[in-house]
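Hi everyone, thanks for letting me have a few minutes. Let me put the sequence and the structure up on the screen, and then we'll walk through them together.

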Amino acid sequence: MKLLSAYAPHLREEDDVRKIMLDVLIALSPAVIGAAYFFGWYALFLCVTGAIIGELFDVFVMKYLRGVKDFIPDGSGAVTGLLLAMNVSTRLPFWAFVLGLVFALGVGKHAFGGLGQNVFNPALVGRAFLLISFPTYMTTWVVPGAGFWKSPADVMTSATPLALFKEQGQITSYWDLFIGNVGGSLGETSALLLLIGFLYLVLRKRIKIFIPLSYIGTVFVFSTVAYLVSSKFGDPLFHLLSGGLMLGALFMATDMVTSPITPKGQVIFGIGCGVLTMAIRLFGAYPEGVSFSILFMNALVPLIDRYTKPRIFGEVKK
Amino acid sequence: MLTFKGGVHPPQLKEWSKEKSIERMPLPERVYVFLLNHAGNPAKPVVSVGDEVKTGQVIGEPEGFISAYLHSPVTGKVVELKKILHPIVGKPIEAIVIERTSEDEWVRLGTGNYEQMSKDEILDVIKKAGIVGLGGAMFPTHVKLSPPPEKRVDTLIINGAECEPVLTIDHRLMLERAEDILQGILIMMKVLGTEKAIVGVESNKMDAYQNLKKIFKGYPVDVALLKTKYPQGAEKQLIYAITKRRVPRGGLPMDVGIVVQNVGTCVAVKEAVVDGKPLVERGLTVSGDAVKNPKNLIVRIGTPVRDILEYCGGIDENTERVILGGPMMGIAITNLDIPIMKGTSGVTAFLPRKVQPQKPCIRCSECVQVCPMNLQPYLLYLLSSKRRYDEAVENGLMDCIECGSCTYTCPSKIEHVRYIKLAKTVYRATRRGRK
């Protein structure tokens with residue numbers, strides 16, 4: 001009988017990183033189905049290949065570039081790939097998408113040391129790269145509902161609700177905004193489907209709930225105040241439902257690796273994201289500010305963590 | 001229900017043994033009594049090879065303030081003094097080996113009616129009986145019961161939480177030995193001069209809770225119902241759950257007017273003071289999915305684990321780990337000839353379990369949420385693994401109670417506690433070096 005010399009505890013919870021990543025993928029799937037319904041086969045194609053290529057690239061980097069021979073895929077590459085797909089326009093050519101994904105994982109994740117080490121949300125790094133490198137592809141939007149099999153090159157283009165409002169003062173129907181029947185990135189348009197996925201993560205206790213609450217709450221307060229000052233800023237409900245706010249607040253800002261550890265820190269992080277998002281939307285050059293505000297706040301996470309350390313049990317108030 | 005912030009809910013696994021009445025294991029043929037059977041300095045042996053000893057005869061005397069008496073657990077002959085791997089210290093420590101030659105011939109302590117004894121007389125009996133905390137830390141009980149006069153102790157708390165999965169001995173003691181527990185408590189209350197004592201019991205032991213309530217009726221001893229949560233029995237967490245007092249960092253329970261004792265210790269105190277029995281045996285649980293017949297046993301100190309497991313029908317040939325104590329904080333041993341000590345609350349044997357490889361930390365913050373000491377285990381792990389010990393200490397390294405909640409819950413399967421323990425050892429050693 002060979003007895004194992006192991007360290008306590010000798011019991012472990014069954015949960016693991018793969019199950020967490022799988023849950024995130026499951027939570028994103030309603031919005032993926034929505035993307036397919038609104039934007040057609042190419043949207044679905046980007047989402048599925050994004051997840052597959054993301055995971056394969058992760059395995060490639062770990063096994064061949066970093067020499068971890070017994071690397072077991074953990075699903076984090078698939079999550080990044082899918083999130084990046086949800087963050088781009090259907091007009092983005094496949095080759096550019098793959099380039100963006102390689103940048104997201106290569107520079108956004110592995111350059112920092114791989115899983116858990118990255119400072120910035122890799123999908124947003126990829127999105128920022130694509131937005132700067134291929135601004136036309138990234139900001140040409142298609143009108144939803146052209147039919148599943150229509151080629152993306154053939155369908156009509158339109159501006160996003162936020163751009164329409166910023167440039168022409170035109171308000172899109174709230175119902176369309178809520179269910180996602182508007183132009184925009186693949187996965188960001190339907191608040192409803194994103195909320196369904198989010199609810200799943202909440203029920204599975206997978207998510208840092210303080211970030212979405214404080215982020216969306218801040219956007220609500222900020223836009224209400226702005227609306228009271230002048231109606232040209234748009235009303236609060238419009239700001240909540242349009243653009244990438246829901247996708248960002250529910251699925252990007254909540255990324256475990258790049259967000260603060262404690263509830264207090266998470267609230268600060270969420271408020272920061274909300275303020276920056278509204279500042280960019282109302283006063284910036286871009287119609288949308290979600291991804292840049294999250295990236296900016298990502299950079300502040302170590303600082304937030306440092307100043308929101310929990311007080312150790314028995315520590316006296318200073 | 002009373003509780004604390006944080007903690008985890010491991011599977012209880014108590015059904016294997018919780019219905020089994022406490023049995024007395026037959027006397028072992030040979031015992032191996034560590035000179036270090038308590039916290040503090042090893043005892044000084046007062047017998048030599050060839051000496052005949054009787055059960056309860058002193059074989060080791062305390063060396064220094066924090067140390068304890070040792071008694072022969074059997075009647076027989078000292079055959080050897082040899083170094084054996086000490087599972088807690090992790091290196092060989094001197095042990096007295098005694099071969100049993102007959103049934104028990106007792107050497108008892110001089111006792112009387114404790115109600116007529118003075119505080120100091122009682123304390124002296126407890127000291128002479130070699131009683132240490134039976135919950136696991138093995139801190140000498142007489143030291144704990146004599147706080148310096150400037151620390152006013154107003155409450156005695158008895159730990160009946162038994163939050164470790166698998167273990168059921170305290171549960172059984174509270175069912176079968178409640179009168180002895182009560183007497184032990186009353187004795188200790190007299191020594192401490194406290195008006196009040198409270199026994200904390202987890203809600204998964206309702207029968208024990210009700211039994212204690214019934215037995216304690218008319219005495220100044222309360223029973224508090226605690227939420228079933230690990231580590232509910234950790235001293236600081238138990239005190240907080242029951243009294244909402246927080247033991248200060250680096251402080252002791254007596255700093256907030258409290259002394260904590262385990263239920264098993266209460267029984268030992270009663271047996272010493274009332275019956276004149278030195279601490280030569282203890283109750284423990286033998287269980288786990290690899291044990292043929294799980295039991296709750298009274299076993300002589302120094303009995304090899306091998307004998308105990310054999311008495312319980314042996315273990316499965318595929319057994320992967322044998323643990324002294326429970327699965328959350330117990331120590332895995334690879335040699336079954338290691339003897340049990342005064343603080344061994346159980347012997348747990350497990351069949352192989354799927355072990356998942358360690359992944360990088362994904363900052364999910366689970367460990368921070370479950371840490372009952374409000375530490376950031378992920379950070380302590382990170383700093384410890386990078387050997388940045390001073391920073392780890394600044395972040396509460398020495399406050400860690402090593403309960404293992406963080407490691408239990410971590411989805412990346414990181415062994416925080418292992419790194420923290422190592423870092424503590426290194427830090428203590430270097431601090432000694434700096435002085």
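So, which residues have the most contacts inside the largest nonpolar core? Before I answer, please keep in mind that this is a predicted model. Okay, the residues to look for are A:M86, A:Y215 and A:F251, and the core they belong to has 83 residues. If you want to know what gives the most to this core, go to helix α1 of chain A, residues 17–39, which puts in 11 residues.

Let's zoom in on A:Y215. Skipping its neighbours within four places in sequence, A:Y215 is in contact with a whole list of residues, including A:L245, A:G248, A:A249, A:C273, A:V290 and A:I294. There's also a second, separate core, this one with 80 residues, and B:A68, B:L192, B:I298 and B:A349 are among them.

Now pick A:A249 out of that list. You'll find A:A249 in helix α12 of chain A, which covers residues 245–252. Is A:A249 buried or exposed? Its relative accessible area is 0%, and buried means under 20%, so A:A249 counts as buried. Again leaving out neighbours within four places in sequence, A:A249 touches A:P212, A:Y215, A:I216 and A:T254. And here's a distance you can check on the screen: from A:A249 to A:I53 it's 25 Å, C-alpha to C-alpha, with the two sitting 196 residues apart in sequence.

How many residues does the contact take from each chain? It's 59 from chain B and 41 from chain A. Putting chain B and chain A together buries about 4,300 Å², and carbon and sulfur atoms give 61% of that. On the chain B side, B:K359, B:I362 and B:R363 lose the most area to chain A, and together they make up 16% of what that side buries.

Several elements of chain B each supply at least two residues to the side that touches chain A, among them α6 (235–243), β15 (321–324) and α13 (416–434). As for the kinds of residue on that side of chain B, you get 31 nonpolar, 14 polar and 14 charged.

That's my tour, so over to you for questions!

Notes. Residues are numbered from 1 along each chain as its sequence is written. Chains are lettered from A and ligands numbered from 1 in the order in which they are written. This is a predicted model: local features need pLDDT of at least 70, side-chain atom pairs count only at pLDDT 80 or more; totals for chains, interfaces and linings use all residues. Side-chain values use heavy atoms; hydrogens and water are left out. Contact means heavy atoms within 4.5 Å. Buried area is the accessible area (1.4 Å probe) that two parts lose on being put together, summed over both. Helices (H or I, at least four residues) and strands (E, at least two) are DSSP runs, numbered from the N terminus. Ala, Val, Leu, Ile, Met, Phe, Trp, Tyr, Cys and Pro count as nonpolar, Asp, Glu, Lys and Arg as charged, and the others, Gly among them, as polar. A nonpolar core is a set of buried Ala, Val, Leu, Ile, Met, Phe, Trp, Tyr and Cys residues joined through side-chain atoms within 4.5 Å. Buried means under 20% relative accessible area, exposed over 50%, partly exposed in between (1.4 Å probe, protein chains only).
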